[in-house]
Amino acid sequence: MRNQQQASMKRKRDIIIKGFSKLLKEEKLKLVAEYFENPGEVISLLKSFWHTDESQQKLFDEFSENTITNFYIPYGISPNVIINGRNYLVPMVIEESSVVAAASAAAKFWSERGGFHAEIVDVKKIGQVHFSWSGKPETLSQLMPQLKEYLIQSAKPITANMEKRGGGVLDIELVNMTDKLENYFQLLVTFDTRDSMGANFINSVLEEFGQSLRHFLSEQIQLSIEERQVEIIMAILSNYTPECVVKTWVECSIDELENVDEKLSGIAFARKFEKAVKIAQIDTYRATTHNKGIYNGIDAVAIATGNDFRAIEAAGHTYASRNGHYESLSRVEIDQNTFRFILEVPLALGTVGGLTSLHPLARQSLELLGNPTANELMMIAAVMGLANNFSAVKSLTTIGIQAGHMKMHLFNILNHFKASEAEKSAAVDHFKDQKVSFSSVGKYIASLRS
Ligand code: MEV
């Protein structure tokens, strides 16, 4: 019977499903559940994660396509985050145990040493119209001042509102790429999107520019018939935002690092920490993990506030390669008696538009942060990146990462063994001074049960 069921499921997996998106939600759920041995239970499980309020659930269903349920991720708070003298409670959405704990520990540590400092370096965003044109580059360059004006005017219906808010198109540059690809040019457009991340705004303007470029060239009667034609290959924002950058840092006197580790003096800790960060500047394997630790903090804030964490990670990793090889995004400076730990990172975040006001928890997160501007949110997210980076490197260079990490992971292991509340509390007590590992917890639970 079981073999028959498995064979039928295998056959099912080979079938191409047609029209899935057109099915009703219940029908989609049923269809998916049939891929399991216990469809009834699967449907109940998936439905148990539906929002109890139907209108809220509908909101989530409409964020994406083919939604059949919701996927929960913990929403935590890192308190005591002092940035430029202001105290924040920072919401963090992350599934990895110990990230919120690491951020909170760093926040507490630095709250006693002057807090975090942050400043915006720049807020420009970039978009491109990629096109093929067979004329001479100089001809296009000569037309540029006129073309620029034409493009700006053509996009006024889209840009007017953004201009009222003080943003809009900052510049349009012609880039000749014909040495890399035959007839290939770009319009490189710089934007200020104020408090919005601006992806939709930028893409709409760029698509308009593409059409207007075609129209403009078609009307240049002094050009040959061929030169009056252009192939618009694509129009899209760039997620690489090297001019939308925030800088954050912490600093204290070396004397204030005296008790960080029982075996290291303040200066020995500072030098060891510095070496660990230098390793991430010269070694790609280490740099990747080092920067991953930074994005533990940044992504958690991005998700909690309804921002696109894939976009900011993509920008960050490219930025980390700007000097010709992939390296750490953070650095250490030790001068005389001062220890300074600095992070500079591109962060295109928004506090209006997108999910920021639609997702009820994103909206709440922003409220908890005091309804920040995009610039302020950039500083908060970068600070959480630096906080996580500091905690990780501090642990790595002192007690090692596993002690803290496994302590936080203890509940996951206990849940794996389906521990009762009484077993959990006994285990927490037992593992206070014992090494946590999957097998040591397994053995301990077995001993409790025998
Ligand atoms: C784990 O998510 C992040 C760390 O590996 C970062 C690091 O090694 O710097 C702890």
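Me: Before we start, how are buried, exposed and partly exposed told apart here?
Reply: Buried means under 20% relative accessible area, exposed means over 50%, and partly exposed lies in between (1.4 Å probe, protein chains only). Keep in mind that this is a predicted model, where local features need pLDDT of at least 70, side-chain atom pairs count only at pLDDT 80 or more, and totals for chains, interfaces and linings use all residues. Residues are numbered from 1 along each chain as its sequence is written, and side-chain values use heavy atoms, leaving out hydrogens and water.

Me: What makes phenylalanine 273 and phenylalanine 339 an edge-to-face pair?
Reply: Rings of Phe, Tyr and Trp (its six-membered ring) pair if their centres lie within 6.5 Å; planes under 30 degrees apart count as stacked, over 60 as edge-to-face and the rest as tilted. Here the centres are 5.5 Å apart and the planes stand at 85 degrees, so the pair is edge-to-face.

Me: Why does that pair tie together parts 66 residues apart in sequence?
Reply: Phenylalanine 273 lies in helix H9 (residues 266-282) and phenylalanine 339 in strand E10 (residues 338-346), so the pair joins those parts. Both phenylalanine 273 and phenylalanine 339 are buried.

Me: How do you know that arginine 113 sits over the ring of phenylalanine 109?
Reply: A charge counts if NZ of Lys or CZ of Arg is within 6 Å of the ring centre and within 35 degrees of the ring normal. The charged end of arginine 113 is 3.7 Å from the centre of that ring.

Methods
Helices (H or I, at least four residues) and strands (E, at least two) are DSSP runs, numbered from the N terminus.
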